[in-house]
Amino acid sequence: MRHAGFHGRAGCGRKPALLVVDVNLAFTSPESPLACDLGDVVGAIERLLRETRRAGFPVVYTTVSYGEGDKVAAAAFIDKIPALLTLEAGSRWVEIDPRIAPLPREPVLNKLFASAFFGTPLASLLAAAGCDSVIVTGASTSGCIRATVVDALQHGYRPVVPREAVGDRNPAAHEANLYDIDTKYGDVVSVDDVIAHLGELAGATL
């Protein structure tokens with residue numbers, strides 16, 4: 001369903017950053033209570049990482065972990081989702097999946113809540129790099145991806161979500177939130193479209 005005056009195209013901008021949200025072992029390992037079906041998603045993110053790095057644009061990762069003090073700060077969130085206690089600070093679960101491991105120069109920001117902006121230096125990193133847009137990937141579509149996209153828009157960035165590079169535990173929630181994002185907050189496009197745009201931007205800077 002499409003409504004007149006919605007579903008506009010904001011575009012990817014001239015200086016995008018690739019944001020990899022919470023693709024840690026707790027979200028990719030089947031034995032974790034937080035697991036999402038991210039097999040194909042990880043492959044799509046691998047492609048985007050390769051092209052973003054080749055084009056020379058910033059890459060930023062996030063993970064979630066809770067030390068004892070963090071559990072106090074995030075008590076309401078943890079009460080709502082007790083499975084978050086899996087994300088114990090220092091445990092293997094909070095490590096980025098090694099298939100898409102960050103390079104030494106690529107920051108991994110720790111967050112306690114859904115949005116990658118809330119309580120992290122993400123906005124400062126993007127401003128320092130001169131970015132005007134954010135390519136948002138990772139998990140989960142209905143939680144941290146949506147929250148991050150809304151915050152990106154509210155911080156003045158143009159959010160782009162490559163459809164194949166985000167995932168959720170609930171297929172219906174995944175599709176509903178992609179629809180909402182594309183209707184009101186950011187452009188939902190294919191990975192191929194994003195890679196083509198990255199190639200165009202890289203060529204324009206040569």
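Phe113 is partly exposed, with a relative accessible area of 26%. The model is predicted. In this model, ring pairs join Phe113 with Phe77 and Phe118 in a cluster.

**Aromatic rings and a charge over a ring**

- A search of the whole structure gives 3 aromatic pairs.
- The ring centres of Phe77 and Phe113 are 5.8 Å apart and the planes are at 25 degrees, so this pair is stacked.
- Phe77 belongs to helix H4 (residues 75–80), while Phe113 is in the loop between strand E3 (108–111) and helix H5 (122–128), so the pair ties together parts that are 36 residues apart in sequence.
- Phe113 also pairs with Phe118: the centres are 5.5 Å apart and the planes are at 85 degrees, so this pair is edge-to-face.
- Phe77 is partly exposed, at a relative accessible area of 22%, whereas Phe118 counts as exposed, at 52%.
- The charged end of Arg92 sits over the ring of Trp93, and its distance from the ring centre is 4.6 Å.

- Helix H2 covers residues 39–55, 17 residues in number, and reaches 25 Å from its first C-alpha to its last, close to the expected 24 Å.
- The buried residues of H2 are Val41, Val42, Ala44, Ile45, Leu48, Leu49, Glu51, Thr52 and Ala55.
- H2 packs with helix H8 (residues 191–204) at an angle of about 10 degrees, and the two axes are 9 Å apart.
- The angle is under 35 degrees, so H2 is roughly parallel to H8.
- On the H2 side, the contact is made by Ala44, Arg47, Leu48, Glu51, Thr52 and Ala55; on the H8 side, by Val191, Asp192, Val194, Ile195, Leu198 and Ala202.

**Helix H7**

- Helix H7 (residues 171–185) has 15 residues, and its span from first C-alpha to last is 20 Å, close to the expected 21 Å.
- Ala173, His174, Asn177, Leu178, Ile181, Asp182 and Thr183 are buried in H7.
- The buried residues of H7 pack against helix H6 and against strands E5 (158–162), E6 (166–167) and E7 (187–189).

**Buried residues and their contacts**

- Asn24 is in the loop between strand E1 (16–21) and helix H1, and is buried with a relative accessible area of 0%.
- Ser29 lies in the loop between H1 (25–28) and H2, and counts as buried at 7% relative accessibility.
- Cys144 is placed in helix H6 (residues 141–154), and is buried with a relative accessible area of 11%.
- Cys144 and Pro102 are 42 residues apart in sequence, with 19 Å between their C-alpha atoms.

**Backbone features**

- Most residues other than glycine have a negative phi, and most peptide bonds are trans.
- Asp22 is not a glycine, yet has a positive phi of about 60 degrees.
- Asp22 is in the loop between E1 and H1, and is buried with a relative accessible area of 0%.
- His7, also a residue other than glycine, has a positive phi near 65 degrees.
- His7 is found in the segment before E1, and is buried with a relative accessible area of 7%.
- The peptide bond joining Ala139 and Ser140 is cis, with omega about -10 degrees.
- Ser140 is placed in the loop between strand E4 (133–139) and H6.

Definitions and conventions: Residues numbered from 1 in each chain as written. Predicted model: local features only at pLDDT ≥ 70, side-chain atom pairs only at ≥ 80, totals over all residues. Heavy atoms only, no water. Helix = DSSP H or I, 4+ residues; strand = E, 2+ residues; numbered from the N terminus. Expected span 1.5 Å × (residues − 1). Buried < 20%, exposed > 50% of the residue type's maximum accessible area, 1.4 Å probe, protein only. Phe/Tyr/Trp six-rings, centres within 6.5 Å; stacked < 30°, edge-to-face > 60°. Lys NZ or Arg CZ within 6 Å of the ring centre and 35° of its normal. Axes fitted to C-alpha atoms, helices over the stretch in contact; angles between N-to-C directions. Parallel < 35°, antiparallel > 145°, perpendicular 65-115°, else oblique. Contact = heavy atoms within 4.5 Å.
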